[in-house]
Amino acid sequence: MEVYHRPCDEVGFNAEEAHNVVKECVDAVLGGEDYNQNNINQWTASIVEQSLAHLVKMGKAYKYIVTCAVAQRSAYGFHTASSCFWDTTSDGTCTVRWENRTMNCIVNIFAIAIVL
Amino acid sequence: MSIYAQILRERLRESFHDVQYVEPPFDDSIADIGKEWKSALAKLKFANSYRMEPLKKFQAHSVETKIQQILKESLKDVKYDDKAFSHLSLDLADRVLAAVKEFGYHRYKFIIKVLFIQKTGQAINIASRWIWDVAWDSWVQAQHETESYLALVLVFALY
């Protein structure tokens, strides 16, 4: 019985590409904006949804989870950690930290391969 | 490694962005180990199990109670401390992962996210979206609030 090799999954998750995609999304939504309580819900939702849409458009056989935390820029402490149990050869993660004068934004992408 | 750093530097503009952590690992040897093992495994012929569904579906409620309990135990009377919390967040993430694995959901992959936010009167907004198989994949959230900080744990389970 032949083992079917899918060429794209041999290299695992392409974090570089995902990073570019997410950075563009965040720039488009938050670029040049100041922190605004009224819009913040809408911004976080659109960052996450647009990132997800672009990731899916890349056409790879992956399940994606995108998490975004946007906070007002002030003196505060923030720690985040992730622990993952998956197949390290095919699954991967990418974190993009973006900030401007009034906001800090952290976007996490987790990609799990769909083994067909 | 240096080319990567150069590319990162080129991207710094007025709005700063930073790639904190990227997979695959910078040290290629670690990635290769997995691939060697995988190709060795491919030489062994396993019979197909033809199992498309998990044996035991992920039950969110029991995992949620367990995680809430872990949070409460680890963070009882813990005050916010900059240095200690960066280790504590990793430690807590590992502990939660071990606890979730103990439930014995076979062939499931888990992602644990732990967030600690200091309460200083600033606003923070956290959103997640996903693309997965709604029949088998699910997520759980637990939080622990104290006077000085808020701890949030997110667990995602994917088949």
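Colleague: Is Tyr64(A) buried or exposed?

Modeller: Tyr64(A) is buried, its relative accessible area being 1%. Buried stands for under 20% relative accessible area, exposed for over 50%, and partly exposed for what lies between (1.4 Å probe, protein chains only). Tyr62(A), with 6% relative accessibility, is buried too. This is a predicted model, where local features need pLDDT of at least 70 and side-chain atom pairs pLDDT 80 or more, while totals for chains, interfaces and linings use all residues. Residues count from 1 along each chain as its sequence is written, chains are lettered from A and ligands numbered from 1 in the order written, and side-chain values rest on heavy atoms, without hydrogens and water.

Colleague: How many aromatic pairs are there over all chains?

Modeller: A pair of rings is described by the distance of the centres and the angle of the planes. Rings of Phe, Tyr and Trp (its six-membered ring) pair with centres within 6.5 Å; planes under 30 degrees apart are stacked, over 60 edge-to-face, and the rest tilted. The whole structure holds 22 such pairs over all chains. One of them is Tyr62(A) with Tyr64(A), tilted, at 6.2 Å centre to centre and 40° between the planes.

Colleague: Which kind of pair do Phe85(A) and Phe110(B) form?

Modeller: They are stacked, with 6.1 Å between centres and 20° between planes. Phe85(A) belongs to strand S2 (residues 78-85) of chain A and Phe110(B) to strand S2 (residues 109-118) of chain B, so this pair joins two chains. Helices (H or I, at least four residues) and strands (E, at least two) are DSSP runs numbered from the N terminus. Phe85(A) is partly exposed at 35%, whereas Phe110(B) is buried at 1%.

Colleague: Which residues do ring pairs link into a cluster with Phe85(A)?

Modeller: The cluster takes in Phe58(B), Phe103(B), Tyr105(B), Tyr108(B), Phe110(B) and Tyr159(B) along with Phe85(A). Tyr105(B) also has the charged end of Lys56(B) over its ring, 4.9 Å from the centre. The rule asks for NZ of Lys or CZ of Arg within 6 Å of the ring centre and within 35 degrees of the ring normal.

Colleague: How many residues does the contact take from chain A and from chain B?

Modeller: Contact means heavy atoms within 4.5 Å. Chain A gives 60 residues and chain B 59. Together they bury about 5100 Å², 56% of it on carbon and sulfur atoms; buried area is the accessible area (1.4 Å probe) lost on putting two parts together, summed over both.

Colleague: How many salt bridges does the rule find across the interface?

Modeller: A salt bridge puts a side-chain nitrogen of Lys or Arg within 4 Å of a carboxyl oxygen of Asp or Glu. Across the interface of chain A and chain B there are 3. Arg129(B) forms a salt bridge with Glu49(A), the closest N and O atoms being 3.0 Å apart.

Colleague: Which elements of chain A supply the side that touches chain B?

Modeller: Helix H2 (15-30), helix H3 (40-57), strand S1 (62-72), S2, strand S3 (92-99) and strand S4 (103-113) of chain A each supply at least two residues. S1(A) gives the most, with 10 residues.

Colleague: How is chain B built along the sequence?

Modeller: Chain B has 4 helices and 5 strands, in the order α-β-α-α-α-β-β-β-β. Of its 159 residues, 35% count as buried.
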